[in-house]
Amino acid sequence: MNLFKHSASSSRINNERSLAYSLILLSFFIFFISSCSQKSDTTSFTAMNTYMTVKSYGKKSAAANHLVQEEVERLEKILSTTIEGSDIHRINNSVPDNNQFSKIPVSPETTYLIEKSLEIYKMTDHAFNPALYPVIREWGFTTGDYKVPSDEKIRQLLELTDFSKIKISPKLVSTPSLDSLLKADHEKGLSSTASIITKPLGMQLDFGAIGKGYAGDRAIEVLKNAGVKSALLDFGGNIQVLGTKPDGKPWTVGIKNPWDGEPVAAVKLSDACMITSGGYERFFTGEDGKKYIHIFDSATGRPVENDLESVTIVCREGLYGDALSTSLFVMGLDKAIDFWKSRDRDFDFVIITKDKSIVYTAPLENSISLLFDFDKVQVVE
Ligand code: ADP
Ligand code: MG
């Protein structure tokens, strides 16, 4: 009897247990199914002279992607060198006063970008210089009228590129909150004046080397505000990811082979950006048969000529990654390594050289996989 009772209660306990197990399994299964089949939405558009794609996950993905497109288009209207009325167009076409300086009221975004750029200009020993615009234009990169200017012309134009001469008043402490910007000025498409820029005669700016990275940062902010937890942005090859993939695993993002576009390495990323600058993207061939690329050395006023094929930066912030990919390309391999060592590991890099070697920083070792038979692999400690 006792036995029976015992076995009856134990079988009831077993039944309850198996029911509990089934429920747990079922809920895992439902969670698995829902995370695998989480709704996603992909939006593509052209802005900032490039093709942009946003893929985000979750119920609010479609609405969130739409907000991203609006935000990027809003930023383009502020930062473009060619759109009349943009802050940058107004800065570049301003009329100087008697002292040969001009004062231009600009939005919080422009103020923030100029402040950040000044920081990076100093930090990179001028490798990054958004005031190179008059030089870059003379070479025809903005107009399509490519030519090799005379040494004299380059020397004259270089005199206009001392970016430290730009002054901002008042300074912004941090990037303005997105909420305040969106609420204040969405109908107008532009945001309000934040400060006054003072610049010397002839100085002209171009945020081509950081604009897309900054737009990516704002896009991530827009997605987060809209309740999205998982997303991948591709802004003309600048990759920025929010969170992990919906299944909780990191995103795997490829670095393209500069020679034929095949992936040569893959890096696992979450809440990060991966941004590449390469001489193979935009260039022209001069009458002398030489290849002139769109990344410039501010020391010489000439397109960079070195043994690098591409520089990829992995870090948290798109603006920083974008600025550094251009800067490290200008520095060349040895200076890039020294710079990384001086920066207390606040970013990582993957550099591919023309002689088919790959050089990357040690913290990437657990997240990088090589998909190409490089002649040499160097890990920088
Ligand atoms: P891409 O925008 O093609 O991905 P980059 O981010 O490297 O490439 O930016 C290159 C652009 O930045 C150029 O087209 C030019 O407008 C500008 N630029 C070129 N050299 C420099 C430099 N040394 N510092 C700042 N901006 C630069
Ligand atoms: Mg860049």
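Mentor: Two residues are in contact if their C-beta atoms, placed from the backbone, lie within 7 Å, and, leaving aside neighbours within four places in sequence, A323 meets that test with I120, F128, A209, I210 and G213. This is a predicted model, in which local features need pLDDT of at least 70, side-chain atom pairs count only at pLDDT 80 or more, and totals for chains, interfaces and linings use all residues. Residues are numbered from 1 along each chain as its sequence is written, while chains are lettered from A and ligands numbered from 1 in the order in which they are written.

Trainee: What makes A323 count as buried?

Mentor: A residue is buried if 20 or more other C-beta atoms lie within 10 Å of its own, exposed if 12 or fewer, and partly exposed in between; A323 has 30 such neighbours, and therefore it counts as buried. Over the chain, 39% of the 381 residues are buried.

Trainee: In which element does A323 lie, and how far is A323 from G208 in sequence and in space?

Mentor: A323 belongs to helix α9, where a helix is a DSSP run of H or I with at least four residues and a strand a run of E with at least two, numbered from the N terminus. A323 and G208 are 115 residues apart in sequence, and their C-alpha atoms are 9.4 Å apart. By these rules the chain has ten helices and 19 strands.

Trainee: Which residues have the most contacts inside the largest nonpolar core?

Mentor: A nonpolar core joins buried Ala, Val, Leu, Ile, Met, Phe, Trp, Tyr and Cys residues through C-beta atoms within 7 Å, and the largest one here has 88 residues, with A219, L223, A231 and F349 having the most contacts inside it. Helix α9 (residues 318-331) gives the most to this core, namely eight residues. For L223, the contacts beyond four places in sequence are S56, A64, V68, V228, A231 and L242.

Trainee: Why do β3 and β4 count as edges of their sheet?

Mentor: The open sheet has the order β3-β5-β4 with antiparallel pairing, and strands pair if DSSP finds at least two bridges between them. Because β3 (101-106) and β4 (167-169) each have a single partner strand, one side of each is left without a neighbour in the sheet. The twist from one strand to the next averages 25°.

Trainee: What do β1 and β2 form, and how many residues stand between them?

Mentor: They form a hairpin with two residues between them, and M48 in the turn has a positive phi of about 50°. Eight bridges join β1 (residues 40-47) to β2 (residues 50-57), running antiparallel; T42, for example, has K55 as its bridge partner in β2. Five bridges also join β2 to the antiparallel strand β6 (residues 231-235), in which F235 stands opposite M52.

Trainee: Which residues come nearest to ligand 1?

Mentor: Of the 21 residues around ligand 1, G208, A209, S277, F296 and T326 come nearest, and α9 supplies the largest share of the shell, with four residues.

Definitions and conventions. Axes are lines fitted to C-alpha atoms, for helices over the stretch in contact, and angles run from 0 to 180 degrees between N-to-C directions. A residue is near a molecule or strand if its C-beta atom, placed from the backbone, lies within 6 Å of it.
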